[in-house]
Every structure is written in C-alpha cells, then in structure tokens.
Amino acid sequence: MTVADLNIGDRVSWNTPQGRTRGEVVEQHTEDFEFDGQKFTASTDAPSYLVKSEKSGAQAAHKGSALRKLKPKSD
C-alpha cells in the first residue's frame, strides 16, 4: 500500500484476534511516532495510520500494509 492509497477519513478494515474490524483513518504518519506508550516506525514509503474503530470508538495504530480500504459507508 502506498501513501496515495489511504487518506484521512477513508474507511478501512484490519485483523484483530476477534476477527476483522472496521474503522476510519484519523491520522497518517510518515515518520516514527509514539502512540499509547508504544513506539511505531513509519516512513514516506511505508506509512503508518491511526484508525478509529466503528464499533468501539477506540483508536489503534497500524502499518498501511495491515489495512484494507473499504467503500465509503452509505448512510
């Protein structure tokens, strides 16, 4: 996945121990960063994203390669 593939506001899914979950991209990181007490690596070629779960509202950081872009949610 490249930086152009995901943007803030995009709807995505990712694997969890409970199965696939869905959410929204809220931040894009192209430099190393810290979230929730953990350090994450990121670069322009391999960005990481902060996503917000649709179900729980919780936020988590993921590498772009772990995320799948979904169609926008229809209201």
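Because the model is predicted, local features are reported only where pLDDT is at least 70 and side-chain atom pairs only at pLDDT 80 or more, whereas totals for chains, interfaces and linings use all residues. Residues are numbered from 1 along each chain as its sequence is written, and side-chain values rest on heavy atoms, with hydrogens and water left out.

The secondary structure of the chain comprises 0 helices and 7 strands, where helices (H or I, at least four residues) and strands (E, at least two residues) are taken as DSSP runs and numbered from the N terminus. Read along the sequence, the chain accordingly shows the pattern β-β-β-β-β-β-β. The C-alpha trace spans about 35 × 25 × 20 Å along its principal axes. The radius of gyration, taken over C-alpha atoms, is compared with a globule rule of 2.2 Å times the number of residues to the power 0.38; for 75 residues a compact globule would have a value near 11 Å, and the 12 Å of the chain agrees with this.

An open sheet is formed by 5 strands in the order β6-β5-β2-β1-β7, with antiparallel pairing, two strands being regarded as paired if DSSP finds at least two bridges between them. Strands β6 and β7 lie at the edges, each of them pairing on one side only. Within this sheet, β1 (residues 11-16) is joined to β2 (residues 19-29) by 6 bridges in the antiparallel sense, and the two strands form a hairpin with 2 residues between them. Strand β1 also pairs with β7 (residues 68-69), again antiparallel, over 2 bridges. Strands β5 and β6 run antiparallel and are joined by 5 bridges, with Val51 opposite Ala60 in β6. These two strands likewise form a hairpin, here with 5 residues between them, and Gly57 in the turn has a positive phi of about 80 degrees.The structure holds 2 salt bridges, a salt bridge being a side-chain nitrogen of Lys or Arg within 4 Å of a carboxyl oxygen of Asp or Glu. In one of them, Lys69 meets Asp10 with the closest N and O atoms 3.5 Å apart; the pair links distant parts of the chain, with Lys69 in strand β7 and Asp10 in the segment before β1, 59 residues apart. Relative accessible area (1.4 Å probe, protein chains only) is classed as buried under 20%, exposed over 50% and partly exposed in between. By these limits Lys69 is partly exposed at 46%, whereas Asp10 is buried at 14%. A salt bridge also joins the side chains of Arg11 and Glu54, with an N to O distance of 2.6 Å. This pair too links distant parts of the chain, Arg11 lying in strand β1 and Glu54 in the loop between β5 (48-53) and β6 (59-63), 43 residues apart. Arg11 counts as buried at 18% relative accessibility, and Glu54 is partly exposed at 37%.

Over the chain, buried residues make up 31% of the 75 residues. With contact defined as heavy atoms within 4.5 Å, 44% of the contacts between residues at least 6 apart in sequence join residues at least 24 apart.
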